[in-house]
Amino acid sequence: MAEYAAITGWGKCIPPAILTNDAIATIIDTSDEWIRTRSGIRQRRISHVPGSDLAAVAAQRAIAAAGISVEDVDLLIVATCTPDTVIPSTAAHVQRKIAASNAAVFDLNAGCSGFIYSLSVATAMIRSGAYKKALVIGSERITWFLSWASRDTAVLFGDGAGAVVVEPSNAESGLLYSHLGCEGEAASALQIPNFGTAGNRFVENYSVFEIQFDGREIFRRAVKGMAREIKIVLEKLGLGNDDIDLIIPHQANLRIIESLAKHLSVDMAKVEVNIQNYGNTSAATIPVAM
């Protein structure tokens, strides 16, 4: 069995349709300055196709970059909180669209942390020796859930997908260590209410087009949580902040990213930032940034 699981290929798919802050300001009481100063976002992409279409293109590009055949893929994980359908999984749709007939497939929903969770799972499955070539995809069509009358949320999100191929390796590479967690007591800080079997279909004006969002609570927990997890991982690997060459953080808010860098005493030149172009694409932000 291989000791490591190397990332050998990567690809992304970004919808061509651009929605700028100025364009949003024509339908919502907001402005480019208001959005930029609070989030760092200047524009975002809007998909007119299902998330599995974006995922399929990103996957094909990752496969090409890795120089493997789609028939070689034996594991396919899609990180998403905006699935095409509940049954079958988005991963099943992707399998059909790219003809990955030899792959075991499933979705993983951990919200914005979904890609990290999925990469951790795929790494463990590769290291076990049971699988040889895994596709890990983060794909979201968040804008489908948005209420375009809500200034607090409509300006923050965008659509996109990113993918990586993971293969066994004896060279130190890939995901060296991960530490996963969840702050379930704060679940109400970010949620799509009344969607799922806990919802009530018979309320007046029933709609899933709503995201409940507590920006202050998310900001506070995001900075502390990300810094805490980085510290845990570095200590486990016997490394320090000075050993960091590059941070690829979740792209939720530029102020969160800047606060994280300051907390770690890491220069922003060592931090990948693309939120100005894509907004928050949830589970897709990290693979797209990669």
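Colleague: Val266, then: is it buried or exposed?
Modeller: Val266 counts as buried, because its relative accessibility is 10% and the cut-off for buried is under 20%. Please keep in mind throughout that this is a predicted model.

Colleague: Where does Val266 sit?
Modeller: Val266 is in the loop between H8 and H9, and its C-alpha atom is separated by 7.8 Å from that of Asp242, although the two residues are 24 residues apart along the chain.

Colleague: And Ser265, where is that?
Modeller: Ser265 also belongs to the loop between helix H8 (254-264) and helix H9 (275-278), but Ser265 counts as exposed, with 67% relative accessibility.

Colleague: What is the phi of Ser265 like?
Modeller: Phi of Ser265 is near 60 degrees, which is a positive value in a residue other than glycine. For background, most residues other than glycine have a negative phi.

Colleague: What about the backbone at Ala99?
Modeller: Ala99 has a positive phi too, of about 65 degrees, although Ala99 is not a glycine. Ala99 is placed in the loop between H4 and strand S5 (104-108), and it counts as partly exposed because its relative accessible area is 45%.

Colleague: Which residues does the cis peptide bond join?
Modeller: The cis bond joins Ile87 and Pro88, with omega at about 0 degrees, and Pro88 lies in the loop between strand S4 (75-79) and helix H4 (90-98). In general, most peptide bonds are trans.

Colleague: Changing topic, how many salt bridges are there?
Modeller: The structure holds nine salt bridges. As a general point, side chains of opposite charge can pair when their charged atoms come close.

Colleague: Which residue does Glu183 pair with?
Modeller: Glu183 forms a salt bridge with Arg221, and the closest N and O atoms of that pair are 2.4 Å apart. Glu183 lies in the loop between strand S7 (159-169) and strand S8 (190-191), while Arg221 is in helix H7, so the pair ties together parts that are 38 residues apart in sequence.

Colleague: And what does Glu185 pair with?
Modeller: Glu185 forms a salt bridge with Arg221 as well, with the closest N and O atoms 3.1 Å apart. Glu185 is in the loop between S7 and S8 and Arg221 in helix H7, so this pair ties together parts that are 36 residues apart in sequence.

Colleague: How open are those residues to the outside?
Modeller: Glu185 is exposed, with a relative accessible area of 59%, whereas Glu183 counts as partly exposed at 30% relative accessibility. Arg221 is also partly exposed, with a relative accessible area of 22%.

Colleague: Which residues are linked in the network of salt bridges?
Modeller: The network links Glu183, Glu185, Glu217, Arg220, Arg221, Arg228 and Glu229.

Colleague: What about Arg36, which residue is its partner?
Modeller: Arg36 forms a salt bridge with Asp32, and their closest N and O atoms are 2.6 Å apart. Both residues lie in helix H2 (residues 32-39), four residues apart, which is about one turn of the helix. Arg36 counts as partly exposed at 29% relative accessibility, and Asp32 counts as partly exposed at 21%.

Colleague: Now the surface: which residues make the nonpolar patch of about 220 Å²?
Modeller: That patch is made by Leu176, Leu237 and Leu239. One of them, Leu237, is in helix H7 (residues 215-237), and Leu237 counts as partly exposed at 34% relative accessibility.

Colleague: Last topic, the inside: how many cavities of 30 Å³ or more are there?
Modeller: The count comes to one cavity of 30 Å³ or more, and about 30 Å³ of space lies in the largest cavity.

Colleague: Which residues line the largest cavity?
Modeller: The lining of the largest cavity is made by Gln251, Asn274, Tyr278, Gly279, Thr281, Thr285 and Val288. By class, that lining has two nonpolar, five polar and no charged residues.

Methods:
Residues numbered from 1 in each chain as written. Predicted model: local features only at pLDDT ≥ 70, side-chain atom pairs only at ≥ 80, totals over all residues. Heavy atoms only, no water. Patch = residues over 30% accessible without salt bridge, like charges linked within 9 Å, V, L, I, M, F, W, Y side chains within 5 Å. Areas by Shrake-Rupley, 256 points an atom, 1.4 Å probe, with all protein chains shown as cover. Salt bridge = Lys/Arg side-chain N within 4 Å of Asp/Glu carboxyl O. Helix = DSSP H or I, 4+ residues; strand = E, 2+ residues; numbered from the N terminus. Buried < 20%, exposed > 50% of the residue type's maximum accessible area, 1.4 Å probe, protein only. 1 Å grid on protein atoms, 1.4 Å probe; cavity = no way out; pocket = protein on both sides within 12 Å on 5 of 7 lines; lining within 4 Å. Points joined across faces, edges and corners; volume = space filled by probe spheres on them. Nonpolar A, V, L, I, M, F, W, Y, C, P; charged D, E, K, R; others polar.
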